[in-house]
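Please have the structure in view and try each task before you read its solution.

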Amino acid sequence: MIQIKPMRSPTTLGLALSLTIFVISCTNIQNQEVPSTLLIENVILIDGTGSNRQITDVRIVGNQIDTIGNLDPDDEEIIDGTGLILSPGFIDTHSHHDRNLLENPDALALLSQGVTTIIVGQDGGSNLPVVDLKEALWITPSSVNLGSYVGHGTIRREIMGVDYMRPANPNEIEAMGALLSRELKTGAMGFSTGLEYDPGIYSTTSEVISLARITAEHGKRYSSHMRSEDRDLFGAIEEAISIARQTGIPVHISHIKLAMKSLWGRADEVLKLLNMARGEGLQITADLYPYEYWQSTMTVLFPDRLFTREAAEFALEELAPPEGILIDRYEPNPSYEGLTLAQISQIRDADPVTTYLDLIAKSQTAKEAGSGGGESIIGTSMATKDITTLLKWPFTNVASDGSSTSRHPRGYGSFPKIFRKYVRETGDLSLEEAVYKMTGLVKKSLGLKGRGTLEVGSVADMVLFHPDNMADKATQQTPQALSIGVVGVWVNGMRVYEDGMSTGAHPGQWIEG
Ligand SMILES: [Zn+2]
C-alpha cells in the first residue's frame, strides 16, 4: 500500500482533529471491513507514460490501482468504460486556484477539466509559513491534492520589509536562506520566484543563486516566473539556465511565452537555448497555458518601474494593444472592470497612453494611501504559432496559471482546450502526447512519487473522459463556463466528480513531491 500523508501538522488543533477523524475512520473501517473496489471495464487506458492506448479493464482497490488486464467482475462497483479514455488525473503545475479553495472545496473548475492535483505558491508568492496552508486544508479539505512552493518574493518582503527596492545585503540573504530552509523542511515542495514582480525584480541573480543552492541542498526544485517574458526574454532564459548550471537544481520555467510582437516567430530560438542547456545535463523544463493572452498587473509592462509616456507607448505598441488589454480588476474605479483600455480611453476621451498612465497613477496613489488600489489586466501578447512550437517541446507540460475567480478563462479551460484545439482541430498532439503533458511528464519534472501515471500500485487519481467532445467552454466573455467531456474524476481512489457535478467528497491530500 502506498502510504498517503494526511493533511496535518503537529499543532494542538490539528492533533485534536486528526484524533477525532482517526476514531471516525476506524469506525467506518469496522463497518466496511474491506476497502471499496471498483472495476472499470473495457476502457481505453492512456497510462500517462506516453505509451500507446490499450483497451483493458482496471480495478481500483481503496486508494490505488490494483490490477490492469482482462478481469472478471467480482462483487464490486462496475463502470462500463466503452469508448471512454481513462488516464491519470491531470496535474496543474502552475495554479492560483488556492485563492478560494477553502471557501469552495469542491473545486468544480478543476474537476470539470479532469485536474486532480494543483501546485500553488507560484510567481514568488506563497503562504508564509506554508504549513499554515497545509493546516487549513487539513481542517477544510478539498476535492483535489495540493502542493506549494515557498515564494522568494514572500520571503524577501518578510526580511526586507518596505525597503526592498534594492539588492539584498549578505546578512539579508542569509536570513532569507534560514527562512527558506525552515519552509522546505516543513512542507514546501520547492522554491518559486517572480522576478518580473515586486519585490523579486530588485534581486540580483546571485541572490537567487544563493537561495536556489539551499533549495538544491534540500533535494527540492526551482520554479520561475522569469525576469522578462518580452523585452529581455533571452536574457531571462540565460539567467534561468545559469541558475541551473551553478546550483545543479532542476529549473522549471513557468508559463513559457514570447510576449512581444517583435519576438513572434522566434520560439525555435528559445528552444534551441533550452535544448543546449539540457545537452549539458541541466534539468530544464517548462509549463505553458494555451492562450494568446496573459493576466498580470498593469505595472508588469514597465520593467524599470518608470511610468513615462515613452515606456507606455512602447508597451501599447509592442506588448499589448489597447483593444487587447482587458481590465479584470480595478479598485479605484470598479466600473472599468470588464472593459478594454481602448473602451476606457473612448469613455474618457483621451488617448490610450494617457489613459493607461493615469490608471496606474491612481492605483499607486490609492495603494500608498492604504486605500485599495488593487488592479489586474488581461493582455493579448502572444502568437498562436509560438504557443504551438513551445507546447510541442518534449519538456513542456500543460498548466493553467489560473484561478476560479478571474476573468481569464484559463482557470476553467486550459486542459480540455488542449484536447479540443491541439489534438482534434490541428492534430499537433496525439491523445497520448496530450495526456503525457498533463501527467507523466509532470511526474518526472516535479519528481512526484506514486502519481502521474496509471500503473499497478499507483495512487488512483484518475479521469474518465470522452475523447471526441472533451472541450473548454470558457472564453473572455464567459470565463467561468465549465468544461465538458469529463465523465468521472477520482482522487485518492474516491469519486469526486460525476455527471457534471461534485460528489461532495474531499479526499485531496497535501503533497510534497
Ligand atoms: Zn507568473
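Donors are N, O and S atoms within 2.8 Å of the metal (3.2 Å for Na, K and Ca), and water is not among the atoms, so sites may look incomplete. This is a predicted model, in which local features need pLDDT of at least 70, side-chain atom pairs count only at pLDDT 80 or more, and totals for chains, interfaces and linings use all residues. Residues are numbered from 1 along each chain as its sequence is written, and side-chain values use heavy atoms, with hydrogens and water left out.

**Exercise 1.** Find the protein donors of the zinc ion.

*Solution.* Start with the spacing along the chain, D-x101-H-x29-H. Finally, check burial: Asp-123 and His-255 are both buried, meaning under 20% relative accessible area with a 1.4 Å probe, protein chains only.

**Exercise 2.** Decide whether Asn-145 counts as buried or exposed, and find its side-chain partner.

*Solution.* First, Asn-145 counts as buried because its relative accessibility is 0%. Then look at its side chain, which makes a polar contact (a pair of N or O atoms within 3.5 Å; within protein, one must be able to donate a hydrogen and the other to accept it, and residues adjacent in sequence count only if both atoms are side-chain atoms) with the side chain of Asn-492, at 3.0 Å.

**Exercise 3.** List some residues in contact with Phe-419.

*Solution.* Leave aside neighbours within four places in sequence; the partners of Phe-419 then include Phe-90, Arg-424, Leu-431 and Phe-465.

How values were computed:
Contact means heavy atoms within 4.5 Å. Buried means under 20% relative accessible area, exposed over 50%, partly exposed in between (1.4 Å probe, protein chains only).
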